[in-house]
Amino acid sequence: MTQRYPEWIWHNGAIKPWAEATTHVMAHALHYGSSVFEGIRSYVTSGNGQANGAAIFRLSDHSRRLFASAKIYDMPIPYSVDDINAACRDVLKANALTKAYLRPIAFRGLGGFGLSADTPTDVAVGAWTMGPYLGEGVLEQGIDACVSSWQRFAPNTIPAGAKAGGNYLSGQLVAREARRLGFGEGIALASTGLLSEGAGENLFLVFDGALHTTPISAALLNGITRNTLITLARDRGITVVERDLPREYLYLCDELFMCGTAAEITPIRSVDGRQVGTGKPGPVTLRMQELFFGLFDGSTPDTYGWLEAL
């Protein structure tokens, strides 16, 4: 099936036709993985004391994290956070998109061939329509996951706190192994042998009505959706515990779900062929979905200003 791409993209300061947003095959990022990026979603909203319409979820938080990732890799971005925010809005409007996925990316372009070469930084923002990341129906039915044979990188090797292109070579190994074995997604352990995260998602386990999640020291990205769920839960009296978790707790928890901008809140019904809880999304998982998606239909008040209108 032929992929249909959007008509317009923002590239190095201007909206241009998608096919014209090109870079050279000798660009630094292509050879060394020197890119940082974000995944952002826009939703059609209602309620929340504002006119109905499209809003970008936590746009400024995502843009600030883009710059934080670039800082870790000493990559200057020739634009401001406000510029990137405006680019996200412009590319949605240019493509007449409302419910969409956005991909801002900054990468070292053509300008040298050494690892430490001072190349120009190219920046682009694409946007397209995307449904549930892990497949239709997974938000309601859940997925079957497996623990991957591939571990996350050790501390002080690659900074897990940066959302960098090169980091996702690890995620590709985890995800592709899971698909090859017939699972919906893979779960990675840290170099300690303790739980880390999914191929590209954070993890939450439920024990006795409380949410347990792995700490940012477990070689994971401190996800914005993860932060959102922690905040929403604590505001409503749901206990959240950030702690080291051993692999076997995946089999013993009452409920389990993954979260991320792309995955949103995806229940996990089994791990390594072992049923999780009842094998269906449990009450805490359903409550977190209700609170999260309620931000967009107005049933959950947007008290933190997370919805940024076009």
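**Stop one: a buried proline**

Select Pro267, which counts as buried at 2% relative accessibility; buried means under 20% relative accessible area, exposed over 50% and partly exposed in between, with a 1.4 Å probe and protein chains only. The model is predicted, with local features needing pLDDT of at least 70 and side-chain atom pairs counting only at pLDDT 80 or more, while totals for chains, interfaces and linings use all residues. Residues are numbered from 1 along each chain as its sequence is written, and side-chain values use heavy atoms, with hydrogens and water left out.

Pro267 is part of strand S15. Helices (H or I, at least four residues) and strands (E, at least two) are DSSP runs, numbered from the N terminus. Now show the contacts of Pro267, where contact means heavy atoms within 4.5 Å. Leaving aside neighbours within four places in sequence, Pro267 is in contact with Val138, Leu139, Gly142, Ile143, Leu256, Phe257, Pro281, Thr285 and Gln289. For a distance check, pick the C-alpha atoms of Pro267 and Arg179: they are separated by 17 Å, and the two residues are 88 residues apart along the chain.

**Stop two: the cavities**

How many cavities of 30 Å³ or more does a search of the whole structure find? It finds two. On a 1 Å grid over the protein atoms alone, a cavity is a set of points where a 1.4 Å probe fits but cannot get out, and a pocket is an open set with protein on both sides within 12 Å along at least five of seven lines; lining residues have an atom within 4 Å of a point. Grid points are joined across faces, edges and corners, and a volume is the space filled by probe spheres set on the points.

The largest cavity has a volume of about 70 Å³. Select Leu256, Ile268, Lys280, Pro281 and Gly282, the closest to its centre of the 13 residues that line it. Strand S14 (255-260) and strand S15 (264-271) each supply at least two residues of this lining, and S15 gives the most, with three residues. The lining of the largest cavity divides into five nonpolar, four polar and four charged residues. Here Ala, Val, Leu, Ile, Met, Phe, Trp, Tyr, Cys and Pro count as nonpolar, Asp, Glu, Lys and Arg as charged, and the others, Gly among them, as polar.

For the second largest cavity, of about 50 Å³, select Ile40, Arg41, Tyr43, Phe57, His62, Thr225, Gly260, Thr261, Glu264 and Phe292, which line it. Strand S4 (residues 40-45) gives the most to this lining, with three residues. Four of the lining residues of the second largest cavity are nonpolar, four polar and two charged.

**Stop three: the pockets**

The largest pocket holds about 680 Å³ of space. Select Phe37, Lys163, Tyr168, Gly200 and Glu201, which lie nearest its centre among the 38 residues that line it. Helix H5 (168-180) is one of the elements that each supply at least two residues of the lining, and H5 has the largest share, four residues. By class, this lining has 19 nonpolar, twelve polar and seven charged residues.

The second largest pocket has about 540 Å³ of space. Select Thr23, Arg103, Ile105, Phe107 and Ala124, the closest to its centre of the 22 residues in its lining. The elements that give two or more residues to this lining are strand S1 (8-11), helix H1 (28-32), S6 and strand S7 (121-128). S7 gives the most, with four residues. The lining of the second largest pocket divides into twelve nonpolar, nine polar and one charged.

Select Ser63 in helix H2 (residues 59-72). Ser63 is buried, with a relative accessible area of 1%. Not counting residues up to four places away in sequence, Ser63 touches Val81, Ile84 and Asn85.

Next select helix H3 (residues 81-94), whose 14 residues should span 20 Å at 1.5 Å a residue; the end C-alpha atoms are 20 Å apart, which agrees. The expected span is 1.5 Å times one less than the number of residues. Colour the buried residues of H3: Ile84, Asn85, Ala87, Cys88, Val91 and Leu92. Seen down the axis of H3, these buried residues fall within an arc of 160 degrees, so they line one face of the helix; the arc is that of the directions from the helix axis to the C-beta atoms. On the other side of H3, Asp82 and Lys93 are exposed.
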